[in-house]
Each structure stands twice: as C-alpha cells, then as structure tokens.
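Visitor: I am new to this structure. Please take me through a single part of it, up close.

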Amino acid sequence: MAVRKIIEIDEEKCNGCGQCIINCAEGALEIIDGKAKLVADRYCDGLGACLGECPTGALEIIERPADEFDEESVEHRLNELKANEKVSDKMACGCPSTNIQTFAPATACQKANQPVSQSSDQSALSHWPVQIKLVPASAPFLKNADILIAADCTPVAYPNFHRDFLNGKVVLIGCPKFDDGQAYVEKFAEIFSKSSVKSVTVVVMEVPCCNGLPMMVKRGMELAGKTIPMDKVVISTRGDVLKKEALVA
C-alpha cells in the first residue's frame, strides 16, 4: 500500500444521480444505498475522469494510503459486470413473468364490449417487459421504434402519462439513482446498435437524481456511433411539465 491519488466521495453532498459512474471506465464506482461508492481502491486509477460529471461537487481527488491500481483486477471486474448484464438479458427471455409479449391495439368491437369502468381510459402499453434491465436489446418491438425512456416515478407523478407520452411509443423504464448507470449505458448502446430506432423521448422528474438518465442515453448513442433525434421532458413532483427540449438533432 502506498500514498497515491484516489477518488473521495462526500456522501453528504452526493445525491445518487449516478452521473459519475458513466465516465468511470474502470467500473470503480457503484450506487449503493442511494449514494456513489468506491467499490475498491484497486479499481480507481486516480485520474478523475468522473469529476466533471458530478452536479453537486461531491467528488474530489485526494492523496491517501491506498492499494495500487490493478489493471488485471479492473479487467476481471468489467468482465463480471458484462456477464451480469448478459444474465439479465437471459432472465428477460426465460422467466415466465418476463417473457416478451407484444399487445395489439384493441379493436372497435373489443372496446365496445369492455366494462364501462375500462372504456374511457385505454392502456397505451404495446409490449412486455418494460424495465430497462429486463428488455433484451434484440426484442422485436424495438425495431424501427419511437422509444420512450422514462424514470419510473414519472408515470405516478404525471396523470396522463399514457395519453401524452406513451401512445405510439415503446417504453423502457428504470431508476437512474438505484440501478447500475454503466449497465444502462451499455444496454442503450446495444439497443441503438441492433435496432433502427427512429427517435427517443426521455421523461424524467425534476429531482437531481434523475439528471443522469438523459446523459446515459446520449452516452449509449455515442458508443453505438448513432445520432438519433432525442427530446427531454422534465416533470415536477406535482405532475406538471416543467420543460421540453431537444438534446440530439
């Protein structure tokens, strides 16, 4: 163990947005219990590529006694992370509760025969599963799709989510704070590489921990070498649309 440069995280400042994880190529950081954590000293090269992505200034490079940076350990960890992502894809296909399903829109006759309680508001969901971690990048409903990537609090906060956002789109939902941000980036990159996605709409909450999701999507596009029209919509905690903006043209 020697004194060297290494990342330090101020947990009081950290809001768990996960933006730092995207730029940590060594996989040294994880979101654990809602906070960014250094998994092990040996994974951190001390170069600080993650610093510029922190919106709260929770990260800094310090000098302290630490295990030496170990490239072999980093390679092993990255392989493990990739293997875990592949397992998630297999679970999405093999688990009975997450088998791929595509739903056809209800016909006029079906709508007419529905109970009165269901006739006014129709679900716009066109497929299953919907969790980012569970949707295989090769899912047929992703082909040539307009994709809606939503933070999982948004359908609860926004009362007309199906009508205003989901209708006509393929939805992927997840939590950028508690899920693995790097795994999201890799999943998006794989989706954009395999499917001719026409457009992307990202819907997030106004809270800071949602800020990382659009960046994860953009990073996925960059890794896939794609430029896809992308809009960002911000929802308030009271269910109002605060902002709409185009991020990729």
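Guide: Glu 245 is partly exposed, with 29% relative accessible area. Its partner is Lys 232: the two side chains meet in a salt bridge, 3.9 Å from N to O. This pair links distant parts of the chain. Lys 232 sits in strand E10, residues 230-235. Glu 245 sits in strand E11, residues 241-248. They are 13 residues apart. Lys 232 has 14% relative accessibility, so Lys 232 counts as buried. Lys 243 belongs here too: salt bridges with shared partners join Lys 232, Lys 243 and Glu 245 into one network.

Keep in mind that this model is predicted. In total, the structure holds 10 salt bridges.

Another one joins the side chains of Lys 133 and Asp 179, at 3.6 Å from N to O. Lys 133 lies in the loop between strands E6 and E7, and Asp 179 in the loop between strand E8 and helix H7, so the pair ties together parts 46 residues apart in sequence. Lys 133 is partly exposed at 40% relative accessibility. Asp 179 is buried at 14%.

Now look at helix H8, residues 212-224. Here the side chains of Glu 222 and Arg 219 meet in a salt bridge of 3.4 Å, N to O. The two are 3 residues apart in H8, so about one helical turn separates them. Glu 222 is exposed, at 52% relative accessible area. Arg 219 is partly exposed, at 30%. Other residues of H8 are buried, among them Leu 213, Met 216 and Val 217. Just after H8, Gly 225 takes a positive phi of about 70°.

Note on methods
Residues are numbered from 1 along each chain as its sequence is written. This is a predicted model: local features need pLDDT of at least 70, side-chain atom pairs count only at pLDDT 80 or more; totals for chains, interfaces and linings use all residues. Side-chain values use heavy atoms; hydrogens and water are left out. Helices (H or I, at least four residues) and strands (E, at least two) are DSSP runs, numbered from the N terminus. The expected span of a helix is 1.5 Å times one less than its number of residues. Buried means under 20% relative accessible area, exposed over 50%, partly exposed in between (1.4 Å probe, protein chains only). A salt bridge is a side-chain nitrogen of Lys or Arg within 4 Å of a carboxyl oxygen of Asp or Glu.
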